[in-house]
Amino acid sequence: MTQDRRVRVRFAPSPTGALHIGGVRTALYNYLFAKKHGGDFVLRIEDTDQTRFVPGAEEYIIESLKWLGIEPNEGVGFGEGPHAPYRQSDRKPMYRQFAEQLIAAGYAYYAFDTAEDLEAMRERLKASNVDAKYDGITRSAMKNSLTLPEDEVKRKLENGDPYVIRIKLPRKEEVKFHDEIRGWIIVNTSQMDDKVLFKSDGMPTYHLANVVDDWDMKTTHVIRGEEWLPSAPLHVLLYRYLGWEDVMPKFAHLPLLLKPDGTGKLSKRDGDRLGFPVFPLDWEDPKTGEKSSGYKQAGYLPEAVVNLLAFLGWNPGTHQELFSLEELIAAFTLERVGKHGAKFDQNKAKWYNQQYVRKVDNHLLAPSLKAALALNVPEATFSDEYIEKVCGIVKEKISFVKELWDYSNYFFIEPANYDEGVIKKRYNEKVPQLLSDLIEAFSALAEFSHSNTEAAYNAVLAKNEVASKDFLQLFRVCLSGVAGGPPIFEMVEIFGKDKTIQHLNKASASIKG
RNA sequence: GGCCCGUUCGUCUAUCGGUUAGGACAAAUGGUUUUCAUCCAUUAAAGAGGGGUUCGACUCCCCUACGGGCUACCA
């Protein structure tokens, strides 16, 4: 029956801070799955815990998805659709009826225990070495509508005494469900507890809200992180007790992203500790003021981030590693998602980015270089054409967009000093003459192409009886100040005649043995 | 502690009982580039351990070890 439904998946983060790349990957897999099947990708904001709400987090999530190009076609920030609203706090009124429906059907009950009551219960059970959980056994000793006289329950409710609604789990029953990635999973209810479904503040917990919303939004596949696997049986039971088992979504629990070094899952702290971003965009915590760097600002390209994230836990089964979003959509299947956690590899990430930086059109790279130029040389005026050419020649040498300036600044500013090692090694008494001859030869060129300048250079060297290799690197240093760089005559061509001669003049005056 | 999930080169992974266990990143070496980066070539590098099942196990089952997750009126 679920087979002929239109595929609908959702990404359902909580706005409790910046969206971490593990979450981004979950969003990506959902996106790929939806697109692959011509379905819908929904963004739902799960903000049932008002105490953990962080201002700006929701906007951050939306901006991140936009930057990466994995945009939901329905949901908060993306044009609300037929199932609006998509923010759980805005959906608040619809949850209570289902909690009450469960009570009426005998699948849930009111519980009036205070925090102290619960604490005492846990202490007691721990002391006797028993699992401290609110379950089929312990609930008989607690204050709830199963143990209290009916009239007292009624009175408490009418009094407005605080209460929660808990699911009433059967004592011993196997809950079996199929995970698209892990196969059949069986958990006995004797290992589970009577989870709170509805909180005393009038909000549902994740479990209830999640199930109600997925049902209401006609979700066909729940693709989420492995941390949800333990509560999946509870969700299965909720679908059953609510009478929605025939439209229950399929589950797929994704392996987690792990720390590159030690152990444990990748957390927000790891990024800046290890020197790589764990967030798509820069983020500053509004409460603590703590800053974390993002992929975008670190010089990553969104296509690279998508590609490398896709491969952390999934592979196409071929040797192809570079995939555009469209190719990922075509190739993606849940069957090829791995079962075990993946450590984030900074080197591989760098390599991916390098591949994409080289492929980017120069005019798309230019704005970044322009920004760096404006920052370093505010008074500079260079044409877009010139900046794009510079991007074209240096993009082969960098891994990150932000390295553009470091590798190309000499295209915009005269060398302030010259590589001493090269001068020491290559400077001799013939250099002044060479430079003056070169300036003269270059000045005479009508067309300042790399082939013409190279020919002129070779003629000058021959005339002075100097082997090319004995001077070429010093020539480079005269022009740029640094020992390394792109092919020299291509660099000269981009410089153009005026700048080349200007730099040679300056070098001629500044460089001495 | 309990429950659940997992375990192939340093890392990401291929392998769906029979392979010289393949690829990529990182590493090393050589070459190209008079430089750096690139690029090319080569090398080194793996089935956690123990039991089964089978003619034959990386692949299936069990145990152990290890790793991860969960164990809140958080998601």
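User: Over how many bridges do E4 and strand E5 pair?
Analyst: This is a predicted model, where local features need pLDDT of at least 70, side-chain atom pairs count only at pLDDT 80 or more, and totals for chains, interfaces and linings use all residues. Strands are DSSP runs of E, at least two residues, numbered from the N terminus. Two strands pair if DSSP finds at least two bridges between them. E5 covers residues 164-167, and its antiparallel pairing with E4 runs over four bridges.

User: Which residue in E5 stands opposite Ala108?
Analyst: Residues are numbered from 1 along each chain as its sequence is written. Opposite Ala108, E5 places Ile167.

User: Which are the edge strands of the open sheet?
Analyst: Three strands make up this antiparallel open sheet, in the order E4-E5-E8. An edge strand here pairs on one side only; that applies to strand E4 (108-111) and strand E8 (196-198).

User: Why is chain A described as more spread out than a compact globule?
Analyst: Chain A holds 19 helices (DSSP runs of H or I, at least four residues) and 14 strands. The globule rule is 2.2 Å times the number of residues to the power 0.38, and the radius of gyration is taken over C-alpha atoms. For 513 residues the rule gives 24 Å; chain A is well over that, so it is more spread out, with a radius of gyration of 32 Å.

User: What share of the residues in chain A is buried?
Analyst: Buried means under 20% relative accessible area, with a 1.4 Å probe and protein chains only. Of the 513 residues in chain A, the buried ones make up 50%.

Note on methods:
Chains are lettered from A and ligands numbered from 1 in the order in which they are written. Side-chain values use heavy atoms; hydrogens and water are left out.
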